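Please look over the model shown here.

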Amino acid sequence: LRTFWAVLVALLVTIPAASGVFAVAAFSSSARLIDSIIRWWARSIVRGAGIELHGERLETLDPKKRYILVANHYSYYDIPCILATVPQPIRFMAKVSLFKIPLFGWSLARAGFIPVDRKNRRTAVKSFDQAGQRIRAGNTIVIFPEEGRSRERTMRPFQRGAFLLAIRTGLEIVPMAIDGTYDVFPVGAKRIRPGRVTIKAGTPIPTEDITVREKEKLAEEARGQIEAMLFGTSSR
């Protein structure tokens with residue numbers, strides 16, 4: 001019953017939300033109204049799934065600053081949970097197939113979300129250029145450096161695109177731990193299980209004086225923080 005209700009809610013809120021974003025974005029992709037619609041959509045999706053959502057240490061994010069948030073990735077619910085919790089004008093880098101969905105995909109593009117096809121290196125590089133443009137437009141960018149959902153609680157290897165982007169833009173990286181979505185709806189699950197999800201913000205990592213050669217160090221520090229928030233320890 002919960003799974004049926006979650007799907008029904010998703011359908012009922014996605015159509016008007018996508019339509020609203022599509023209409024507003026015709027005038028401005030950075031409009032506050034778009035962010036309000038996105039946050040309403042995300043909170044509705046989260047409530048529909050029976051998720052008890054909490055945030056920890058979000059006060060470390062300065063409302064006047066923009067960041068590159070890097071997070072672990074367990075579930076389709078990771079994105080709405082972050083959008084519903086983090087008080088920033090957020091845009092995601094999302095797989096290109098989502099942008100092919102009628103209306104929903106069109107609204108993603110109009111709102112400034114960034115399609116990425118990681119199988120095509122040339123277009124992937126272009127996507128990171130677009131992410132830089134979104135940052136300059138005043139958005140915080142969220143990237144899953146695992147480049148896909150993990151089928152286990154342990155994280156997959158981190159790719160370096162997010163950290164190269166941070167070095168190029170000079171923005172601080174904030175590691176984000178998404179704790180609980182693995183139990184709610186992991187990869188391959190058929191049913192949604194209501195539960196508690198906590199979004200935890202780590203300590204911002206400055207990048208202004210970091211060179212490209214040090215991108216591995218950035219990735220290791222971010223991964224270490226996420227592991228510590230998820231499991232109480234770091235493997236690094």
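What follows takes up a cavity and a helix pair. This is a predicted model, in which local features need pLDDT of at least 70, side-chain atom pairs count only at pLDDT 80 or more, and totals for chains, interfaces and linings use all residues. Residues are numbered from 1 along each chain as its sequence is written, and side-chain values use heavy atoms, with hydrogens and water left out.

Q: Why are α2 and α3 called oblique?
A: Helices α2 and α3 (residues 78-85) pack at an angle of about 125 degrees, with their axes 8 Å apart. Angles under 35 degrees count as roughly parallel, over 145 as roughly antiparallel, 65 to 115 as roughly perpendicular and the rest as oblique, so α2 is oblique to α3.

Q: Which residues of α2 and α3 meet?
A: Contact means heavy atoms within 4.5 Å. From α2, Ile38, Arg39, Trp41, Ala42, Arg43, Ile45 and Val46 meet Pro80, Cys81, Leu83 and Ala84 of α3. These contact residues divide into nine nonpolar, no polar and two charged. Here Ala, Val, Leu, Ile, Met, Phe, Trp, Tyr, Cys and Pro count as nonpolar, Asp, Glu, Lys and Arg as charged, and the others, Gly among them, as polar.

Q: What makes up the lining of the largest cavity?
A: Lining residues have an atom within 4 Å of a point on a 1 Å grid where a 1.4 Å probe fits but cannot get out. Those of the largest cavity are Asp35, Ile38, Arg39, Leu83, Gln88, Pro89, Ile90 and Arg91. They divide into four nonpolar, one polar and three charged.

How values were computed. 1 Å grid on protein atoms, 1.4 Å probe; cavity = no way out; pocket = protein on both sides within 12 Å on 5 of 7 lines; lining within 4 Å. Axes fitted to C-alpha atoms, helices over the stretch in contact; angles between N-to-C directions. Helix = DSSP H or I, 4+ residues; strand = E, 2+ residues; numbered from the N terminus.
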